[in-house]
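Here are my notes on the model you sent over.

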Amino acid sequence: MVITKKHISRRTVLRGAGVALALPVLDAMVPALTAQGRTAVGKPKVRLACLEMVHGSAGATKFGAERNMWSPVAAGRDFDLSPTSLKSLEPYRSYLTIVSNTDCRMAEAFSDNEVGGDHNRSSAAYLTQSKPKQTLGSDIHAGISMDQLYAQRFGQDSPLPSIQLAIESDDTGGCHYGYACVYMGPISWASPTEPLPMIRDPRAVFDQLFGGGGTPAERSARRRTDRSILDWITREVAGLRSELGPTDRGRLDQYLDDVREVERRIQKIEEHNASGESGLLPMAPIGIPDSFHEHMQIMFDLQALAFMSDLTRVSSFKLSRDATGRVYPESGVRTAFHAASHHGEDETQITDFAKINAYHVSLIPYFLEKLKNANDGDGSVLHVTAPDGTPMANVFLTLLRRLGIDNIERFGDSTGEIEI
């Protein structure tokens with residue numbers, strides 16, 4: 001390849017019956033001895049992954065703050081994560097910037113008739129940092145979320161400008177405090193009046209990423225054959241491998257193994273759920289596992305594959321719905337999540353709530369490790385304690401500008417950038 005200057009297009013897709021498999025970045029995608037091409041393809045593409053976990057944290061209480069149950073006590077680089085719910089992130093210190101003590105003012109009640117409606121508006125306010133309009137009609141209004149600002153600017157040259165994922169259904173069974181039900185669901189908003197639906201079924205996500213080569217009927221027929229999507233592109237894979245050098249062949253094989261492993265896990269879940277055995281989530285789609293831990297890992301795997309293949313550069317992931325009654329036994333606490341968050345300032349209950357927080361954070365390193373292994377990166381750890389009254393929107397404004405959206409003057413109720 002170095003001699004002939006042949007190269008593979010970054011947009012190469014291997015196609016079969018109901019299959020459209022994009023590829024990871026390969027050395028062969030850089031035109032040989034062409035500095036301009038090397039820069040165009042080799043320059044890292046910034047990926048943006050936004051996660052939301054509801055119900056706040058134990059560290060936001062007086063008791064929890066005094067014991068640093070959420071954020072470290074020391075600002076700067078010499079901080080201690082061990083007493084916090086973030087302790088599982090310790091191995092990733094060199095990739096972290098922790099910002100604490102900001103206010104999400106737009107999620108708060110502005111008038112008496114909004115008091116008590118925190119669960120009904122917080123998800124809509126999270127990534128938009130905008131005040132959701134109190135309405136039960138169709139005239140909903142929030143703001144453009146930060147992930148969609150990035151997707152609209154930098155995601156248009158990828159097959160999927162963004163993906164929106166969730167773990168739980170946003171069916172709350174009712175709307176309260178004068179807020180439309182939709183405010184409790186999506187965290188991504190393409191415009192102030194356009195919330196984007198989330199996908200919680202791993203199979204549906206998998207087909208969205210790798211099943212673009214055919215109709216839904218063709219994809220359904222393919223699944224009934226009990227074969228892997230890779231079986232339908234065997235010839236295409238063999239032809240591609242013959243054109244690659246040893247390093248690229250290894251990289252391709254690892255990527256295909258990762259795709260197959262995720263597909264195998266989804267198939268195993270579907271087989272279990274179709275067997276008639278009683279499950280913990282009887283009303284859930286067939287591709288959703290009973291285990292929260294397993295569901296999280298599969299969804300993280302899918303996001304990592306989407307980033308590796310450049311199918312998208314933006315994801316948003318809602319890890320729970322507000323007011324959920326889910327229990328996380330792996331945390332060591334048997335109290336339901338929503339009930340645990342209503343601790344009444346009881347120190348024992350706050351401590352239990354901190355255990356749930358720590359469990360949730362402990363799942364994130366799985367995703368970070370995937371991204372670390374797939375992309376080169378370097379950085380330095382930093383803990384920034386914002387001055388009292390600093391809008392959380394200031395953090396998002398800073399991120400957006402650092403991500404290249406340099407023409408944005410304000411975001412939500414921002415008052416300026418934070419100092420990092």
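1. Buried means under 20% relative accessible area, exposed over 50%, and partly exposed in between, with a 1.4 Å probe and protein chains only. Keep in mind that this is a predicted model, where local features need pLDDT of at least 70 and side-chain atom pairs count only at pLDDT 80 or more, while totals for chains, interfaces and linings use all residues. Residues are numbered from 1 along each chain as its sequence is written, and side-chain values use heavy atoms, with hydrogens and water left out.

2. Now the overall picture. The protein has 13 helices and 9 strands, and 47% of its 420 residues are buried. Take the contacts between residues at least 6 apart in sequence: 71% of them join residues at least 24 apart.

3. Have a look at helix α4, residues 146–154. Its buried residues are Met 146, Asp 147, Gln 148, Leu 149, Tyr 150 and Ala 151. Among the elements covering them are β3 (48–52), β5 (163–166), β6 (189–191), β8 (314–318) and α13 (392–402).

4. Three of those strands turn up together in a sheet. Strands pair if DSSP finds at least two bridges between them, and here 3 strands make an open, parallel sheet in the order β3-β8-β5. β3 and β5 are the edge strands with a single partner each, so one side of each has no neighbour in the sheet. On average, neighbouring strands are turned by 15° against each other, direction ignored. Helix α9 (residues 292–308) packs on this sheet and touches β3, β5 and β8, its direction making about 170° with that of β8. For that angle, axes are lines fitted to C-alpha atoms (for helices, over the stretch in contact), and angles run from 0 to 180 degrees between N-to-C directions.

5. How is β8 tied to its neighbours? There are 5 bridges between β3 and β8, including Ala 49 with Ser 315 and Leu 51 with Phe 317. On the β5 side there are 4 bridges, one of which pairs Gln 164 with Ser 316. Since 5 of the 5 residues of β8 are buried, the strand is largely enclosed by the rest of the structure. Val 314, Ser 316 and Lys 318 point one way, Ser 315 and Phe 317 the other.

6. How many disulfides does a search of the whole structure find? It finds 1, counting cysteine sulfur atoms within 2.5 Å. The pair is Cys 175 and Cys 181, with sulfur atoms 1.4 Å apart. The S-S torsion is about -75°, so the disulfide is left-handed. Cys 175 is partly exposed at 30%, and Cys 181 is partly exposed at 35%.

7. On to the nonpolar cores, meaning sets of buried Ala, Val, Leu, Ile, Met, Phe, Trp, Tyr and Cys residues joined through side-chain atoms within 4.5 Å. The largest has 58 residues, and Leu 21 and Phe 210 have the most contacts inside it. α9 gives the largest share, 10 residues. A second, separate core of 17 residues includes Met 146, Ala 393, Leu 403 and Ile 408.

8. Last, the hairpin. β1 and β2 form it with 2 residues between them, and Gly 18 in the turn has a positive phi of about 70°. The two strands pair antiparallel over 4 bridges, and Leu 14 is the bridge partner of Leu 21.

Technical notes
Contact means heavy atoms within 4.5 Å.
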